[in-house]
Amino acid sequence: MATDVVNEQNRIESSRETQYRSPLKEVTYKFRRDKFALFGLSGLVFMILLSIFGPLLSPHDILSQNYGAIRQAPSLVHPFGTDNIGRDTLTRTMAAGMTSITIGLSSITFAAVIGIMVGSIAGYTKRDYIDETFMRTMDVFISIPAIIIGIAVMGILGTDPFTIGPLTIGNLE
């Protein structure tokens, strides 16, 4: 009889453990069962690794010009072909991927830092007018379409290339 009670308690405790999963465990469980999600994740990881390590492993230099290989079709030597001055397109694509990853992570970090600072100030102040000022300011920023901001930036800065530290922005050809 005592063993039946103990077995019942063990069954109830084990069922509680299987019934409740943390949100992270639930997402991981569902993600591992979805073959398309795993395929997409493996492709994403492959592209990121190729962008990071590809230019280092490539036999071609990113900037070296080969006038004997101008506008070649894809081949075993140049899997993506070459451009109009003989540079390997695959190597340049992998280097551009690394640039895109760097810009993406930098912009996310910048936005997170600004958002955390503004949110902390708005959340921890006791005055309602500070919170309302931040909210209305953010409403104005959100209401402006990104294309209008892009056109305004191009109007202010112009179309000529310019340099900000090590980064040159503008026409690359």
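Visitor: What share of the protein chain counts as buried?
Guide: In this predicted model, 10% of the 173 residues of the protein chain count as buried.

Visitor: Which elements make up the secondary structure of the protein chain?
Guide: There are six helices and two strands. Starting at the N terminus, their order is α-α-α-α-α-α-β-β.

Visitor: At what angle do helix α3 and helix α4 pack?
Guide: Helix α3, residues 35-57, meets helix α4, residues 89-124, at about 120°, and their axes lie 8 Å apart.

Visitor: Which hand does the crossing of α3 and α4 have?
Guide: The crossing is left-handed. On the α3 side, the contact is made by Ile48, Leu50, Ser51, Ile52, Gly54 and Pro55. Met94, Ala95, Gly97, Met98 and Ile101 contribute from α4.

Visitor: How many nonpolar, polar and charged residues does that contact of α3 with α4 have?
Guide: Eight are nonpolar, three are polar and none is charged. Gly counts as polar here, so Gly54 of α3 and Gly97 of α4 belong to the polar class.

Visitor: What share of contacts join residues at least 24 apart?
Guide: For the protein chain it is 28%, taken among contacts between residues at least 6 apart in sequence.

How values were computed:
Residues are numbered from 1 along each chain as its sequence is written. This is a predicted model: local features need pLDDT of at least 70, side-chain atom pairs count only at pLDDT 80 or more; totals for chains, interfaces and linings use all residues. Side-chain values use heavy atoms; hydrogens and water are left out. Axes are lines fitted to C-alpha atoms, for helices over the stretch in contact, and angles run from 0 to 180 degrees between N-to-C directions. Helices (H or I, at least four residues) and strands (E, at least two) are DSSP runs, numbered from the N terminus. A crossing is left-handed if the near helix is turned anticlockwise from the far one by less than a right angle, and right-handed if clockwise. Contact means heavy atoms within 4.5 Å. Buried means under 20% relative accessible area, exposed over 50%, partly exposed in between (1.4 Å probe, protein chains only).
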